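Let us learn to read a few features of a protein model. Look at the picture first, then follow the questions.

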Amino acid sequence: MKIADPHSLDTDTILKALDARDQGLSVEEAAKRLSQYGPNQLPVGRSVSPFYLLLKQFKSWLVIILILAAIISWVAGQVVDTWVIIAVVIINASIGFSQEFRAEKAISALQELIVKTAKVLRAGKLITLPSEELVPGDIIILE
């Protein structure tokens, strides 16, 4: 049920498009729509391991070129240049790993803040139900 620009439409048009009533859906219709559309939940992504985050820091072409430059410097006998390049690669990987690790933790913390229940009009009655049971056409009461 895709409605173009629903924010600009009046209530009656939205209710008609969603085949809903201003008293809310009946319990039977809500159950039918739940089986038709499935639960209202975001897909849960796999958590990324810290080891993968670290390896990911070395996938950049620039980092690969720097590693190749370090190898060439080592073969050419430029030991100081080799260690400087390796230090730059390690510092870069450390900063990138740190930022991505913190971002993963922030995403996990935000997922914990998601509201787990909703107040909905169903058959003219105000009920509280798990947010996974919301369906298209439900009248949600915001507070």
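Q: Which residues of α4 meet α5?

A: Contact means heavy atoms within 4.5 Å. Helices (H or I, at least four residues) and strands (E, at least two) are DSSP runs, numbered from the N terminus. Here Val63, Leu66, Ile67, Ala69, Ala70, Ser73 and Trp74 in α4 touch Val79, Asp81, Thr82, Trp83, Ile85, Ile86, Val88, Val89 and Asn92 in α5. The residues of this contact comprise 12 nonpolar, three polar and one charged. (Ala, Val, Leu, Ile, Met, Phe, Trp, Tyr, Cys and Pro count as nonpolar, Asp, Glu, Lys and Arg as charged, and the others, Gly among them, as polar.)

Q: What should I know about the model itself?

A: This is a predicted model: local features need pLDDT of at least 70, side-chain atom pairs count only at pLDDT 80 or more, and totals for chains, interfaces and linings use all residues. Residues are numbered from 1 along each chain as its sequence is written, and side-chain values use heavy atoms, with hydrogens and water left out.

Q: At what angle do α4 and α5 pack?

A: Axes are lines fitted to C-alpha atoms, for helices over the stretch in contact; angles run from 0 to 180 degrees between N-to-C directions. Helix α4 (residues 61-75) and helix α5 (residues 79-112) pack at about 160°, with axes 8 Å apart. So α4 is roughly antiparallel to α5 (over 145 degrees).

Q: Which strands does β1 pair with?

A: Two strands pair if DSSP finds at least two bridges between them. Six bridges join β1 (residues 117-122) to β2 (residues 125-130), and the two run antiparallel. Thr117 has Pro130 in β2 as its bridge partner. Three bridges link β1 to β3 (residues 139-141), also antiparallel.

Methods. Parallel < 35°, antiparallel > 145°, perpendicular 65-115°, else oblique.
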